Amino acid sequence: GVVNADERMRSMLVVCPASLKLNWKKESDKWLVRETSVAIANGGDFPRTDFVIVNYDVLKKNLAAILARRWDMIVADEAHYMKNPKAQRTKLMMEIVAANPDARFLPMTGTPVVNRPIELFTIMRVVDPENYNDETFWRYARRYCDAHNNGYGWDFTGAANLEELQEKLRRTVMIRRL
């Protein structure tokens, strides 16, 4: 829908789990209204199509080709795969998004807060870096993750003020579809 609504959207990168690549291809063929070339990155040469679908597991292998292009939109399906800021796929996605500052970044997930509110911070850092960054981390951690020093270091595994966090997300960046 977003691509169809804006004619300036010419190049789109979809990053998703390998199990969803064929479904993305099928749905894009069904729903795109403009003449758009669509391909799945499958380990050979990186496709030079308008719409490229690639899975998280091969981002590193395709990174040079991805960074060599200008993307109008970058979709991260099952964006909760980016919950760990130290994980390679998270770092790669952040690099790709940073290299395309004019692109729309659309993280999609059915489970935005998988287990703990701290897991959402990394995704929010990419979506809204003005409000979720190094300066706001501690405020977020204390308010929503019940951050506390447990005698061995800081523990961010808790949860607090979840209704407030949900309201804040819905008011600013999250659309919830049932």
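Student: In this predicted model, how do you know whether Phe121 and Tyr140 are buried or exposed?

Tutor: Both Phe121 and Tyr140 are buried.

Student: How many aromatic pairs does a search of the whole structure find, and what makes the pair of Phe121 and Phe137 edge-to-face?

Tutor: The search finds 10 aromatic pairs. The ring centres of Phe121 and Phe137 lie 5.3 Å apart, with the planes at 80°. Centres within 6.5 Å make a pair, and planes over 60 degrees apart count as edge-to-face, so this pair is edge-to-face. Because Phe121 lies in helix 5 and Phe137 in helix 6 (residues 134-144), the pair ties together parts 16 residues apart in sequence.

Student: Why is the pair of Phe121 and Tyr140 called tilted?

Tutor: Here the distance is 5.0 Å centre to centre, with 55° between the planes. Stacked requires under 30 degrees and edge-to-face over 60, so an angle of 55° leaves this pair tilted. Tyr140 lies in helix 6 and Phe121 in helix 5, so this pair ties together parts 19 residues apart in sequence.

Student: Which residues do ring pairs link into a cluster?

Tutor: The cluster consists of Phe121, Tyr132, Phe137, Trp138, Tyr140, Tyr144, Trp154 and Phe156, linked by ring pairs.

Definitions and conventions
Residues are numbered from 1 along each chain as its sequence is written. This is a predicted model: local features need pLDDT of at least 70, side-chain atom pairs count only at pLDDT 80 or more; totals for chains, interfaces and linings use all residues. Side-chain values use heavy atoms; hydrogens and water are left out. Rings of Phe, Tyr and Trp (its six-membered ring) pair if their centres lie within 6.5 Å; planes under 30 degrees apart count as stacked, over 60 as edge-to-face and the rest as tilted. Helices (H or I, at least four residues) and strands (E, at least two) are DSSP runs, numbered from the N terminus. Buried means under 20% relative accessible area, exposed over 50%, partly exposed in between (1.4 Å probe, protein chains only).
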